[in-house]
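Colleague: Hi! I have the model open and I'd like to get to know it with you. Let's start wherever you like.

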Amino acid sequence: MISRRLLLAAPALLPALSARADARPVTLVVPFPPGGGVDALARAVGERLAPRLGVPVVIDNRPGGSTSLAAGLVTRAEPYGRTLLIGTPALSINPVLQPALPPGDPRGALVAIGRIATLPYVLHVGPAGRDFATLADLIAWGRANPDRLDFANSGTATATHLSAALLAHRAGISVTHVPYRGGAQAALDIAAGRVHGMFQHAIEALPLLRGRETRALAVSTADRSNVLPEVPAVAETIAGFDTGSWNGLFAPRGTPVSVVAQLNAALNEALADPSLTARFTPQATSFIPGPPEALSELLESEIRGWSALASATGIRAES
């Protein structure tokens, strides 16, 4: 609950974001190195936020610690709307599998500003999965060959790891998880036939799919992707299956309601920029403007879902 002191301070803080006398920038803290997909998205959104906020927007890349370094930095920042976090699914996974990592429970440590974008994971296979024409084929093979199905992932306790674990649990098959330090090498091993397949961010999988080095069996989101309309959703085989990558904007706990409202309005305006859609839609990215509550609900839903999976399967961060 926001204190009376913060509520009273809010009118002064709101114009401070755009006042000419206060040109301090807004910092977007990105939990990944420069050059990656999240960094590119943050920079593009930041460029469009700046004129709407009336102050510069700068990017601060803080990779490491399963995104906890970036999250911890933001939770310790002053709650004036000047230091914001580009959140990812790690915010819903870490509290379940690595609760000691900052920010602990993000529902109490951070304030939701708004959703930014979502994109599916693509379940794709290489030569080792040549017999899998469909997801149903993969599941049938997995049931007939216990412990022989290999799924790569971009790191233990990542969303791609948990998506594969959820598929295995829901389908009643056993999967050997093969963790990599990032998705690039994992994808190369799939294309070379060393691993059957993996759930991978669509933006990373698309070059291999277009080069016919791998084949897509399904997308992880509830609905098909506009970029891969011919590829069914996992939910068409396993009802209710819905995972995917997302990004959202968060502020430190205690940020005044009026500042949250201003930031949310500016974010939604930025996301409506046609040039943003034109640039990122071919990469299977969908922008999701909306109220702060939508981001809070997403975080709550994912924490609940991953907690249920961990309880049912005993999955751990080191597994």
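Modeller: Let's begin with helix 9: strand 4, strand 5, helix 8 (183-191), strand 8 and strand 9 are among the elements that cover its buried residues. Helices (H or I, at least four residues) and strands (E, at least two) are DSSP runs, numbered from the N terminus. Buried means under 20% relative accessible area, with exposed over 50% and partly exposed in between (1.4 Å probe, protein chains only).

Colleague: Before we go on, what kind of model is this?

Modeller: This is a predicted model, where local features need pLDDT of at least 70 and side-chain atom pairs count only at pLDDT 80 or more, while totals for chains, interfaces and linings use all residues. Residues are numbered from 1 along each chain as its sequence is written, and side-chain values use heavy atoms, leaving out hydrogens and water.

Colleague: Thanks! Which residues in helix 9 are buried?

Modeller: Ala202, Ala205, Leu206, Leu208 and Leu209 are buried there. Helix 9 (residues 202-210) lies across strand 5, strand 8 and strand 9, at about 120° to strand 8. Axes are lines fitted to C-alpha atoms, for helices over the stretch in contact, and angles run from 0 to 180 degrees between N-to-C directions. Just after helix 9, Arg212 has a positive phi of about 60°.

Colleague: In what order do the five strands of the open sheet come?

Modeller: The order is 7-6-8-5-9, with mixed pairing. Two strands pair if DSSP finds at least two bridges between them. Strand 7 (175-179) and strand 9 (215-219) are at the edges with a single partner strand each, so one side of each has no neighbour in the sheet.

Colleague: How many bridges join strand 5 and strand 9?

Modeller: Four, and strand 5 (residues 121-125) pairs with strand 9 in the antiparallel sense. His124 has Ala216 in strand 9 as its bridge partner.

Colleague: New topic: what is the strand order in the sheet of six strands?

Modeller: That open sheet runs 2-1-3-10-4-11, again with mixed pairing. Its edge strands are strand 2 (57-61) and strand 11 (286-287), each pairing on one side only. Strand 3 (residues 83-87) and strand 10 (residues 245-252) pair antiparallel over three bridges, and Gly87 stands opposite Gly248 in strand 10.

Colleague: Last one: is Asn94 buried or exposed?

Modeller: Asn94 counts as buried because its relative accessibility is 6%. Asn94 sits in helix 4 (residues 90-97). Leaving aside neighbours within four places in sequence, Asn94 is in contact with Ser66, Thr67, Pro99 and Leu101, where contact means heavy atoms within 4.5 Å.
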